[in-house]
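Let's walk through this structure together, one local feature at a time. Have your viewer ready, and pick out each residue as we come to it.

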Amino acid sequence: MLILRQAQHRAVRHQGKPSTTAMSLPTSDDQYMQHAIRLAIEAERRGNLPIGAVVTFGDQVISEGMNSIWKPSPDLTRHAEMEALRSLPSHLRPHAREMTLFTTLEPCLMCAGAILLHSIGRVVFGASDPFGGVLPSLHSLPPFFQEQFSWIQWQGPSSPKDCDPLYARARELERQHERSGC
């Protein structure tokens, strides 16, 4: 399990590669991750990568997103996390530090930057992404961004049993897409 908080983040960053063993989620967290998983399955059904995300505040899902990079039209910025962040209710943005983003896959650098800029307080990801996830690169960021990232609590992989197969399908779909020349 990887849990990064302000002090822990700095310690882990200097020790090399973070430890990422599986963890179990509290019941409500598990329910939110299951919601993200359902969105991931729907994204794949619609012809996109099986990745889903939800943002919670208090005990409510306040926004959600699914990967939409290929359909309805190609737009490589339409990652699940980005879609969830785009649909955050503006009147709740002052409470972003109290929000949690649940995503089926460890966020990429673009999504992590958007999470940072939105000041989301906690991120729970279901599966690690050794190919494109942000965590291995956190130690390489400029000091300002390292400090900002230290305020985000990162937890995961939280649901590898459910989310690792989604990640494997996403990688295979990406390979198929590349081979088809799209």
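In which loop is the place of Pro-72? Pro-72 sits in the loop between β3 (60-66) and α3 (80-86).

The chain has a mean pLDDT of 87, and 85% of its residues reach 70 or more. Residues 3-21 are another matter, as pLDDT stays under 50 over that stretch. The model does have 36 contacts beyond four places in sequence for residues 3-21. Where pLDDT is low, though, the predicted coordinates should not be read in detail.

Back to the backbone. A cis peptide bond also joins Gly-156 and Pro-157, here with omega at about 0 degrees. Pro-157 belongs to the loop between β6 (153-156) and α6 (160-179). Another backbone feature to find is Ser-119, which has a positive phi of about 60 degrees although it is not a glycine. Why stop at such places? Most residues other than glycine have a negative phi, and most peptide bonds are trans. Ser-119 lies in the loop between α4 (109-118) and β5 (122-127), and with a relative accessibility of 24% it counts as partly exposed.

Now turn to Asn-48, in the loop between α2 and β2 (52-57). Is Asn-48 buried or exposed? Its relative accessible area is 2%, so Asn-48 is buried. The side chain of Asn-48 reaches the backbone nitrogen of Trp-70 at a distance of 2.8 Å. Beyond its neighbours within four places in sequence, Asn-48 is in contact with several residues, including Asn-67, Ser-68, Ile-69, Trp-70 and Lys-71.

In one of them, the ring centres of Tyr-32 and Phe-102 are 5.3 Å apart and the planes meet at 45 degrees, so the pair is tilted. Tyr-32 is in helix α2 (residues 27-45) and Phe-102 in strand β4 (residues 99-105), so the pair ties together parts that are 70 residues apart in sequence. Both Tyr-32 and Phe-102 are buried. Phe-144 and Phe-145 make an edge-to-face pair, with 5.1 Å from centre to centre and 80 degrees between the planes. Of these residues, Phe-145 counts as partly exposed, at 35% relative accessibility. A ring can also meet a charge: the charged end of Arg-171 sits over the ring of Phe-131, 3.6 Å from its centre.

Finally, look at the cysteines. How many disulfides does the structure hold? It holds zero disulfides. Take Cys-108, whose nearest cysteine sulfur, that of Cys-111, is 3.7 Å away. The cut-off for a disulfide is a pair of cysteine sulfur atoms within 2.5 Å, and Cys-108 is in no disulfide. Cys-108 is buried, with a relative accessible area of 18%. Cys-163 is buried as well, with a relative accessible area of 1%.

Methods: Residues numbered from 1 in each chain as written. Heavy atoms only, no water. Buried < 20%, exposed > 50% of the residue type's maximum accessible area, 1.4 Å probe, protein only. pLDDT = per-residue confidence, 0-100. Contact = heavy atoms within 4.5 Å. Helix = DSSP H or I, 4+ residues; strand = E, 2+ residues; numbered from the N terminus. Phe/Tyr/Trp six-rings, centres within 6.5 Å; stacked < 30°, edge-to-face > 60°. Lys NZ or Arg CZ within 6 Å of the ring centre and 35° of its normal. Polar contact = N/O pair within 3.5 Å; in protein donor to acceptor, adjacent residues only side chain to side chain.
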